[in-house]
Amino acid sequence: MKRVQLQRWSSTVLSPRARTVSRLHQHVFATGSRCQSTASPLQAESSAQEGPGDAGFEDVELMKHVRSAHRRKDMLKYPSPPVDAALNSAKLAALHARLYLPSRLPPQTLARALVDASADPNPDFNNESLATLGHDLLTYYTTEHLLCTYPRLPLTVIFAAMYAYAGPKTLAAMAREWGVEHASLPGGEVDPGLLQFRRVAPGSDLSVATYNNRTPRPYAAQKAWRMTVTSKIFYDDEFGDAIKGPATSGEGVTAELASATFVRAVMGAIYLHAGRPAAKRFFEQHFLSRHLNIAQLFNFSQPARDLARLCARENFELPVARIISETGRKSRHPVFVVGIFSGKDKLGEGAGASLIEARERAALAALKGWYLYSPLNVRVPSSMEEEGAAPWKPVYVDLGEVIV
Amino acid sequence: MPVKGIKTVAAARNGVGAFILQCKRLDFHYCNYGGSSRGMLAFLTQTLPNFARENPQIEIRVSPRHSKHPIIKGHYINGREKSICVRNLEPNDILAKAMILKDASGEKLKVQKKPVTSLNESVRGIWSPYHGDLRGV
């Protein structure tokens, strides 16, 4: 009978923290080569090996090793990497160059943008303040772009477009596409080029945190009450979702949320160090350059009814659906092409397998044609902040969507 | 509610605005003893500093790998790795291999059948049998 190899078996079961007594780890820790590790800091059981009073060594090389070992042990005390560690991180320098960040933005600030509030609660060393500024800039630039480019969009679609451009999911995807790696656990000895945050404990219920929100909306506990779209502008965030309160200290955050905070913090850091034009350029290059088909964000429930109300509001003639062409009415695959006409103007056209379906599609096309109107030569208000900007001409402001 | 919004994520188009180099890390492994690493050792001392200076967006790691052939390993943003064995190669050839890894996207190599792949709809539209003149057969 073969004996079970206990050593190997236990190493797969136990976490790295519990294996501090293994000889390899003692060796690694003593030589202090854990500088770029993403593993959790080992609890210093062997820290008594070298006392601070051994200054009598003549061997310069050995003294250098001892000093660096002491320095690294000091680093274990901090919740996030010290500021001067940013200058020695290859990962951080590579990230700085990969994003083509302005040289006026020092790597120390980029390192600070990578430290989440859940990793280091001290506001002087985490990215919370930078992220707040970056979030405001992001939402401002995105909103003015959407409102000026598509002045007739319904509010719910604006919320969805805002979410698609600057929502946490998109920002997390951007951080992934920038090649930002996550540290397993935050700590002073971790490479400053890694995103550091305390993770949510496995198995914890995320919906509890959203329930515990601090929205200013009155009667927020009444879940069954109808929430109007207009009230979402006043009480909710830029995506039409309820505002969540700040995370209580000690709790972790999801990787998505931490990545989104990092991207916002980078935006804020660029604004602070390189100024407004650089921040705007960064926004245009990284956010506006993403592909979003606004026509696919609409979800109509009754397009024919909406179109009738819209025509009544705009004093158009009542829309009428007419068959333009058809084939195989009695066959297994009939196709009807239906146009919606207001007087002599064709508002939209659609093809479907039944007359009802074709009419719905035609009404949908007509409504999208109205809502997706985009003026030529769009200018946004923030373009007036540039030097030598032409005088401002008011942009087109629409009545808004029809109320049914 | 007349119309609802559908929540999506805007798709990335690398290079339309900013361009992110997909190679994020290059590992250079060499052996101090083996003869196949002779060119690699020369490359590391002569060519690599300049290469690193020209490509600051790549993190470069140099580490010995005892009694093994020298290799270059590229780590990519999509999470994949590519490695090239550079045994017995001259420094210039090793530089060419490093450039291959640097320019790669990290994806598996595949045959590109279409001249253009795009997220945008076709400008001309899809041909419809129900529009235009009907012709008798």
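What follows is a short chat about a predicted model.

Visitor: What should I know about the model and its numbering before I start?
Guide: It is a predicted model, in which local features need pLDDT of at least 70 and side-chain atom pairs count only at pLDDT 80 or more, while totals for chains, interfaces and linings use all residues. Residues are numbered from 1 along each chain as its sequence is written, and chains are lettered from A and ligands numbered from 1 in the order in which they are written.

Visitor: How many helices and strands does chain A have?
Guide: Chain A has 14 helices and four strands, taken as DSSP runs numbered from the N terminus, with helices (H or I) of at least four residues and strands (E) of at least two.

Visitor: How do the axes of H8 and H11 of chain A cross?
Guide: The axes of H8 (residues 168–177) and H11 (residues 255–274) of chain A come within 8 Å and cross at roughly 80°, where axes are lines fitted to C-alpha atoms, for helices over the stretch in contact, and angles run from 0 to 180 degrees between N-to-C directions. H8(A) and H11(A) are therefore roughly perpendicular, a label for angles of 65 to 115 degrees.

Visitor: And the sheet, what is its strand order?
Guide: The open sheet of three strands in chain A runs E2-E3-E4 with antiparallel pairing, and two strands pair if DSSP finds at least two bridges between them. E2 (320–327) and E4 (345–352) of chain A are at the edges with a single partner strand each, so one side of each has no neighbour in the sheet.

Visitor: How many bridges join E3 to E4 in chain A?
Guide: Seven bridges join E3 (residues 335–342) of chain A to E4(A), and A:Phe341 stands opposite A:Lys346 in E4(A).

Notes: Parallel < 35°, antiparallel > 145°, perpendicular 65-115°, else oblique.
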